[in-house]
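Student: I have a model open and want to learn how to read its features. Where do we start?

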Amino acid sequence: MSILSKEEAQTLLKKVLSYSKADECEIGLTGREGGNIRYALNAVSTAGDISTLTLSVSSTFGKKTGTATINEFDDAALERVVRRAEELAQLAPESKEYMPLLGPQTFAESIEYNANTAAMTPESRAELVAKSLDVTKQANLIAAGFLENANGFSALMNSKGLFAYNKASNVIFSITTRNQAGTGSGYAARGFTDVKNLDTYSATKVAAMKANSSANAKAIEPGKYTVILEPVAATYMMESMFRFDARMAEEGRSFLSKKGGGTRLGEKLVDDKVTIYSDPFNTDLPGSTWDRDGLPLEKTYWIQNGVVKNLSYSRYWAEKKGVKPVPGPSNIIMEGGDSSLEEMIKNTERGILVSRLWYIRMVDPQSLLLTGLTRDGTYYIENGKIKFPVKNFRFNESPVIMLNNVEALGKPERSISVESYRSYMIPPMKLRDFTFSSLSDAV
């Protein structure tokens, strides 16, 4: 029962809505099926299947709203959750930022669902993990990894006539490999809508190569270096800048705030090579076609040729400022260039190749200054060749400053952030003057 068709979801939501006595009522319905395998020390440690179906009711009287959720679906339970939401609404204070519900909207059909991924089983997950473990066992390495697939839907209906439905599926895989001595470490991560694109064997080969080649790292002086960030490292570095929120900018709480007031909308923020957009119909990284308020989503440029083109406006903030609401991104794609990773290395006189970053923390939200560490393979480049692995660094750098120092970009790849388990399309990038502040003895 966890995955309902559009018609089944609509029928259920209409029934729930019929119980409402509130001035306004909004009902959300989500279902999810999937499973996962986690492994460590070259053996599976946990595996499981997930099946959930949840209903959320928000009832409003005047400007007072109460919300209740339930995972029971007999008629008595459905009426009970509506009554509970109404009771909570009567107890709630008035919202200063209340917005009336939206009326009917038109939504394009999402392309997030894939039948191959939805059909995954415990056996097919085990086969994918077995291929990964074959690599590490043959290479005499120790592996820890995680594979998860999910198939789900979301539906939204309100008393003003709005109904939205979206179905989605995805699979993610991550693998860390280490040598027996614990002196070398490698990592790879993959995420796809269609599981047929997932090759756990080749991904693990990459991680194994990094584990072997990163052993016996040498210490070199920290400082400013030309840096080549592989897509995973670039994704970790840039994830914090993907909230293009107008309110935060106008209230002076963002890297998009202008000194003295206002925002940097329309200003050149980064290098001309940088274009960042969202598009629910991108075939490599499809997204939802509507947001949580029920606003339709469409292709939106956030930064184009280095210039800030759009900021996201919630319905409340848009009305306050007298502008049209602009929903935030459901996915993020950064355009790339035609340089391969090999060409970037070949054209580097002296620099550092970074496979991955981790333990990233915000230092200053207004400049987006971050600090964190390299890991899982960091290498010194000299005269166009990788010379040797280097000890990991702590960095202090802002992605905004970083994107003003772009020398070359490669083809975008779908990369996963294990911090948020979100996927992004980000290219490898070669950058000038990246700041490494100290060394780290961690592998």
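Tutor: Helix 2 (residues 75-91) lies across strand 2 and strand 3. Helix 2 runs at about 150° to strand 3. Keep in mind that this is a predicted model.

Student: Which strands does helix 5 lie across?

Tutor: Helix 5 (residues 200-213) lies across strand 4 (141-158), strand 5 (163-179) and strand 6. The angle of helix 5 to strand 5 is about 40°.

Student: How do I read the sheet itself?

Tutor: Take the general idea before the case. Strands of a sheet pair through backbone hydrogen bonds, either parallel or antiparallel. Here, six strands make an open sheet in the order 3-2-1-4-5-6, and the pairing is antiparallel.

Student: Which strands are the edge strands?

Tutor: Strand 3 (64-70) and strand 6 (185-192). Each of them pairs on one side only. Across this sheet, neighbouring strands are turned by 15° against each other on average, direction ignored.

Student: How many bridges join strand 1 and strand 2?

Tutor: Strand 1 (residues 24-40) and strand 2 pair over 17 bridges, in the antiparallel sense. For a landmark, find R38: its bridge partner in strand 2 is T46.

Student: Now the side chains. How do I describe two aromatic rings?

Tutor: A pair of aromatic rings is described by the distance of the centres and the angle of the planes. This structure holds 13 aromatic pairs. One of them is Y380 with F388: 5.2 Å centre to centre, 25° between the planes, stacked. Y380 is buried, at a relative accessible area of 8%.

Student: Why do F393 and F436 count as stacked?

Tutor: Look at the planes. Those of F393 and F436 stand at 25°, and stacked requires planes under 30 degrees apart. The ring centres are 4.5 Å apart.

Student: Where in the chain do those two residues sit?

Tutor: F393 is in strand 15 (residues 392-397), and F436 is in strand 19 (residues 429-440). They are 43 residues apart, so the pair links distant parts of the chain.

Student: Are F393 and F436 buried or exposed?

Tutor: Both F393 and F436 are buried. They also belong to a cluster: ring pairs link Y225, F393, F395, F434 and F436.

Student: Which charged residue lies over the face of F388?

Tutor: K218, at 4.5 Å from the ring centre. Another case is K167, which lies over the face of Y113 at 4.4 Å from the ring centre.

Student: Next, salt bridges. How many are there?

Tutor: The count comes to 21 salt bridges. Take D49 and R125, whose side chains meet at 2.9 Å, N to O.

Student: Why does that pair tie together separate parts of the sequence?

Tutor: Check where each residue lies. D49 is in strand 2 (residues 43-61) and R125 is in helix 4 (residues 122-138), so the bridge ties together parts that are 76 residues apart in sequence. Now check accessibility. D49 counts as exposed, at 54%. R125 counts as buried, at 2%.

Student: Which residue forms a salt bridge with D376?

Tutor: R356, with the closest N and O atoms 2.8 Å apart. D376 lies in strand 13 (residues 369-382) and R356 in strand 12 (residues 350-364), so this pair ties together parts that are 20 residues apart in sequence. D376 is buried, with a relative accessible area of 2%. R356 is buried too, at 7%.

Student: What do salt bridges that share partners look like here?

Tutor: They join E97, R247, E251 and R253 into one network.

How values were computed: Residues are numbered from 1 along each chain as its sequence is written. This is a predicted model: local features need pLDDT of at least 70, side-chain atom pairs count only at pLDDT 80 or more; totals for chains, interfaces and linings use all residues. Side-chain values use heavy atoms; hydrogens and water are left out. Rings of Phe, Tyr and Trp (its six-membered ring) pair if their centres lie within 6.5 Å; planes under 30 degrees apart count as stacked, over 60 as edge-to-face and the rest as tilted. Buried means under 20% relative accessible area, exposed over 50%, partly exposed in between (1.4 Å probe, protein chains only). Helices (H or I, at least four residues) and strands (E, at least two) are DSSP runs, numbered from the N terminus. A charge sits over a ring if NZ of Lys or CZ of Arg is within 6 Å of the ring centre and within 35 degrees of the ring normal. A salt bridge is a side-chain nitrogen of Lys or Arg within 4 Å of a carboxyl oxygen of Asp or Glu. Two strands pair if DSSP finds at least two bridges between them. Axes are lines fitted to C-alpha atoms, for helices over the stretch in contact, and angles run from 0 to 180 degrees between N-to-C directions. Contact means heavy atoms within 4.5 Å.
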